[in-house]
Amino acid sequence: MKKIMTIFGTRPEAIKMAPLVLQLQQDPDLEPIVVVTAQHREMLDQVLEIFNITPDYDLDIMKAGQTLTEVTARVLTGLESVIKEAQPDMILVHGDTTTTFAGSLAALYNEVAIGHVEAGLRTWQKYSPFPEEMNRQMTGVLADLHFAPTTDAAANLLRENKPEERVVITGNTAIDALKTTVQDDYESDIIGNTDKKIILLTAHRRENIGQPMHNIFKAVRRIVDEHEDVKVVYPMHKNPKVREIAGQYLTGHARIELIEPLDVIDFHNFAARSHFILTDSGGVQEEAPSLGKPVIVLRDTTERPEGVQAGTLKLAGTEEEDIYRLTKELLTDEEIFNAMSQASNPYGDGRTSERICGHIKYYFNLTDKKPEPFKVEHK
């Protein structure tokens, strides 16, 4: 039996790592060790409770106003003793957070094999997104196994001269999570009874804070003012800077609802019942195709080009007129809306965690059967 340590610290990481933790728990050849850094505290705990996961170690590093340097240092310091005590055979990190890079660096310093879940996403722009782009690139340099969600992500890794036998295409664990969270009989006061077209808005990215976010919210306000059949619901990020800008444009309107962040079950079910989504989130770009929801991406770049190629995402950038134009197009052009709603899902089939566990066992020679790679089934 091999000890497999999962390390994560933010709400998005927890949502995507939870299905993998549950799959590890079911495998008799693999012993899971769950470590959370609590880079996000309250939102992380909500996810752990929903998936019924109790961490073996909790570093509890979150402090108000923490800088990237402080997060990195506290994760490194905290993991030192945890790794020495637990003696894992492999450490799994996810995606592109500061916890991810610091966790992979801690694994290197302790000479433990590293598995990178959601590997190979790239914009190749140092500060877009920041600091995520460099977190995932640097983690990729350190990793021993690269679990690429798509063929494009795998191709990025091969272009960077990663060993071909260490790059595997698995799909994305975000799609696994939807099997647990989305419910046919879901009811909530958040959704209620309405004849309006509900647009779900999420906006929080660090690089969008400032003029880009002003542009986003101004475009949203224009859309709601001009279309009486539209309602916008915005679960606001906890960041006070985000809330301050949102307050300048989105308050005092009967068809704009500003609410507190939703837990993962509420969010996924709300997304499933929305008309379409405006977002600067990476995870939402992956989840929406499974829900049949078009997405306008409020970013200048995306490391998830597969969704754009498949037709389920449109990259709007952060200029007010572009956001306004693409949003209005989705509201008024039924042909475009239907094409985006019915696009193929390039991100997963719900069996990603199973494939990852299979590749880990293959890596450690616990099985001679290498899992088949994830392939997109085109509609």
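E80 is partly exposed, with 33% relative accessible area; the label covers the range between buried (under 20%) and exposed (over 50%), using a 1.4 Å probe and protein chains only. This is a predicted model, in which local features need pLDDT of at least 70, side-chain atom pairs count only at pLDDT 80 or more, and totals for chains, interfaces and linings use all residues. Residues are numbered from 1 along each chain as its sequence is written, and side-chain values use heavy atoms, without hydrogens or water.

**Salt bridges within a helix**

- A salt bridge here is a side-chain nitrogen of Lys or Arg within 4 Å of a carboxyl oxygen of Asp or Glu.
- By this rule the count is 31.
- E80 pairs with K84 in one of these bridges, with the closest N and O atoms 3.5 Å apart.
- E80 and K84 are four residues apart in helix 3 (residues 68-86), so about one helical turn separates them.
- Helices are DSSP runs of H or I with at least four residues, strands are E runs with at least two, and both are numbered from the N terminus.
- R325 and D322 also form a salt bridge, at 3.5 Å from N to O.
- Both residues sit in helix 13 (residues 320-332), three residues apart, or about one turn.
- R325 is partly exposed at 45% relative accessibility, and D322 is partly exposed at 29%.
- Shared partners link K16, D96, E118, E133, R136, E286, R299, E303 and R304 into one salt-bridge network.

- E160 and R122 meet in a salt bridge of 2.7 Å, N to O.
- This pair joins distant parts of the chain, 38 residues apart.
- E160 lies in the loop between helix 6 and strand 7 (167-169), while R122 lies in the loop between strand 5 (113-117) and helix 5.
- E160 is partly exposed at 23%, whereas R122 is buried at 4%.

**Two domains**

- The chain is assigned domain 1 (2-172 + 348-364) and domain 2 (197-342); such bounds come from an automatic or database assignment.
- Their C-alpha centres lie 27 Å apart.
- In contact are 25 residues of domain 1 and 22 residues of domain 2, where contact means heavy atoms within 4.5 Å.
- The two domains bury about 1,700 Å² between them, 55% of it on carbon and sulfur atoms.
- Buried area is the accessible area (1.4 Å probe) that two parts lose on being put together, summed over both.
- Four salt bridges cross the interface of domain 1 and domain 2.
- Between domain 1 and domain 2, eight residue pairs are in polar contact, both residues at pLDDT 80 or more.
- A polar contact is a pair of N or O atoms within 3.5 Å; within protein, one must be able to donate a hydrogen and the other to accept it, and residues adjacent in sequence count only if both atoms are side-chain atoms.
- Helix 1 (11-26), helix 2 (42-50), helix 5 (132-142) and helix 6 (151-159) each supply at least two residues of the side of domain 1 that touches domain 2.
- Helix 2 gives the largest share of that side, four residues.

**E286, a buried glutamate**

- E286 is in helix 11 (residues 282-291).
- E286 counts as buried because its relative accessibility is 1%.
- Leaving out residues up to four places away in sequence, E286 touches several others, including K16, E118, R304 and Y347.
- R304 forms a salt bridge with E118, with the closest N and O atoms 3.4 Å apart.
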